[in-house]
Number of protein chains: 2
Amino acid sequence: MHADEPVTILTVAREAGVSKTTASDALRGSGRVSERTREQVARVAERLGYVPNGSARHLRKASTGTIGLHVPEVLTRSSYYMSFVFGVVEQAARHDYDVTLITSGQRRARPPRVDGLVLGDPLSGDPVVESLMATGLPTVSCERFPGDRQPDGVVWSEHAVMLGRLLDHVRDAGSTRPGLVVAGDESDWAASLHRGYLAWCTAKRVEPLVRRVSFDANGDEVRAAARALLATPMDALICAPAGAATEVAPLLHASGTGVLLASCVDSAATRLADPPITAIDLRPKEAGASCAELLFELLSGTAEPGTERVHPIALAIRASTTPRP
Amino acid sequence: MHADEPVTILTVAREAGVSKTTASDALRGSGRVSERTREQVARVAERLGYVPNGSARHLRKASTGTIGLHVPEVLTRSSYYMSFVFGVVEQAARHDYDVTLITSGQRRARPPRVDGLVLGDPLSGDPVVESLMATGLPTVSCERFPGDRQPDGVVWSEHAVMLGRLLDHVRDAGSTRPGLVVAGDESDWAASLHRGYLAWCTAKRVEPLVRRVSFDANGDEVRAAARALLATPMDALICAPAGAATEVAPLLHASGTGVLLASCVDSAATRLADPPITAIDLRPKEAGASCAELLFELLSGTAEPGTERVHPIALAIRASTTPRP
DNA sequence: CCTGGATGCCGGAACGTTCCGGCAACGTGC
DNA sequence: GCACGTTGCCGGAACGTTCCGGCATCCAGG
C-alpha cells in the first residue's frame, strides 16, 4: 500500500533515477532516450500506476483531450442516435479522447472545452449547430450540412442510390406505384432521399407520390400522411423517418389492401415488427465511429480539411415487401 | 478586431489596471475586493470575452469540471436513456460542468478524468459499473445498485407503489387476473416491480402470474412470454420492459380476447400506439437532472453521502386499459 | 499619539506537464 | 590531436489559474 499522494511524472522519475524530462520523453517516445532507460521508466510507471494528468498536459499543449458531440434531440429517432453516439464514444476512447455531449437544450455561456466537434445530422436552422459551426473548431458532420458553409469533414451515405435499389426491389415484388413519406429539406438525409425518389420515378417513368412530414414527426403525423397517400392507388409505401414505418404498419394492415411497406431507417422495431419490415440499415454505430475517426485525422493533420467519406449502408429485405397475391 | 492572442486573466488584469490576483478574486467573488473594482473588472472581462481556461483551473484545483455518465447500452430502452442523458447534460450545463459518456464497450486504459459519476440503472454484474464503483469517485445512481455497496447518492422512484396503483386501475377496469412480464433482479427497477406485484397479489388475494425475461429482451422474447401467459386465463397484461408493450400489442389484438394492456415505461411508442397504451411515466429527463443535481450537491458538500431522493413518477391512463365489454 | 483591527490590493509560489536549449561523453574523420 | 557530429540526459521555463501570506492605508478606541 502506498501513501495517498498522487503519483506524478516526478514520482516516476525519482523512482527510476532519471530526470522528469527523461521520464516524460521515455513514456511518450519523444526526445533522445536509450532503449534501456525507456524500458526501465516504462516499468516503473506501470508499477506505480502512473496516469498523466490531463489538465496539466492540455494546459501545456493548449488542447483539451475532449471532442464535442451534438445530435438533434429527436426522441423518435433515439435508437439511431443512441447507436451513433456510442459509436463516437468508442472510437474516441480508442484515441484516448473523451466525448462531451452538447444538447440543444442547454444555453451555453461559454464555448465548449473541446478540440473538435462531431455533428450528427446537422439541421439547417438549428441555432446550436449554427453557433457550433461559428466557433471555428475542426468539425465533422454525419451527412452534409444543408447550408452554405460545410464542415471540415463530412461522412455521408449514398441514400439516394440505396433508395433506388429499394424501389427496384419493391417493383420486382409487384409494385407499380410506390409512395414516399419523407421529412423536409432541413436535413440533408431527407433531402437526398427525396431527390433520389424523384430521380428514380423519372427514370422509370412512374408518377411520383410524395407526402412530406416534419423532421420529428410523431405517429399521428405520419399516419395522416400515409392515409392521404392511400387515397390514390398506391401499392407500396416507403417511410423515410425513423419509426414511421412501424407507426403506420397497423394502419396498412387494417386497410387489408396488401400495400408493401419499407423503412429508410432500420431499427429493432422494424426488425421485430410483425411482419418484419424491409429497411435500409444505416449502420449508425459505424457511422459514428467513422465521424470520430475522420475528426482525429483532421486534428492530427492526417486528413485534409474538406475531406468527404462515404459510409456504406445496406438493404435488409424482409417479409413486409414480399408480394401477397 | 483584436489580435489572435488568447485573452487570459492577465489580459483582463492589465486592461483593468489591477493585479491578476485582484482580477481573479473579483471575477470569482472571493478575497477582499471593493465593489467598485469588482464591477470594473467584470466589465472588462465581459468586453474582452474572457473565458477561464478550464485546464489551468482544474490543474490548480485538482478537479476536472466534468462528470462521467454511464448508462447500459440497451437499444430497446434507448428512448428512456436518451431522455435521461439529456437531463443529466442540461443540469450539468447549469453548473458549468461537462458530461463525458462512459460506455460498456470501451475498454478503459485509464480511469475517466471526471469529478464524479452518474450511473443510470446500474446492473449488478456489469463489469464497467463494478470498476466505476471501485474508483472511489463520488457517485450517484438512478435506482439503487442491486449489490452490496451503495453509491454515495441514490435517486429512486416508487415503482412498486405506482405499479400497485396501476393494478388497482386495471382491476377497476374489470380485470381479475393481471399478468406481469418483467426482467430479472439484476436491475433494481425490475426487482422492485416484481416485489410490488407480488405484494399487491398477496394483499388482493390474487394468484400471481409472472413471466421473467432478460433485461434487454427483444420482441420475440417478450412475445413468447406473453403467449405463455395467455395460455392461462389472463385478462390484463402489464409489461415492464420498455418497448415490450408495443411489441406484444399486435399479438393481443390478434388474439381478440380483449386483454387489457399496460406498460411500466412510457414512451412515444406507447403514447402513439393504436390504441394508446396506459403506462407509467418515469419522467426520465427529470430523473437525469435530479441525479446530476444530487451529485453536485455531494461534490460541494451540500448533501451528505448516503443521501437518497425519491423521484416522482406518474401514471398515464389511456385507451388500452378501458374495458371492452 | 499609539495600538490594533479591518480593508483593499498585490507578488509569488504551486499545480503537472512539455519542450527548448545546453552540456558532458563518446566516437570519427582529418 | 583537434574539430565536430551524435547520443544520452538534464535544468528551467512556460502554460493560466488559485491562494497564501504580506504590505500599505485607514479608522476607531484608548
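Helices here are DSSP runs of H or I with at least four residues, and strands are runs of E with at least two, numbered from the N terminus.

I note that this is a predicted model, in which local features need pLDDT of at least 70 and side-chain atom pairs count only at pLDDT 80 or more, while totals for chains, interfaces and linings use all residues. Residues are numbered from 1 along each chain as its sequence is written, and chains are lettered from A and ligands numbered from 1 in the order in which they are written.

I then looked up what surrounds DNA strand D, and found 28 residues, with Ser19(A), Thr22(A), Thr8(B), Ile9(B) and Ala56(B) the closest.

Next I turned to Arg38(A), which sits in helix α3 (residues 35-48) of chain A. Between the C-alpha atoms of Arg38(A) and Thr22(A) I read 8.5 Å, although the two are 16 residues apart in sequence.

Last, I looked at chain A as a whole, which has twelve helices and twelve strands. Its C-alpha trace spans about 85 × 35 × 35 Å along the principal axes, and buried residues make up 50% of its 325 residues.

Note on methods:
A residue is near a molecule or strand if its C-beta atom, placed from the backbone, lies within 6 Å of it. A residue is buried if 20 or more other C-beta atoms lie within 10 Å of its own, exposed if 12 or fewer, and partly exposed in between; C-beta atoms are placed from the backbone.
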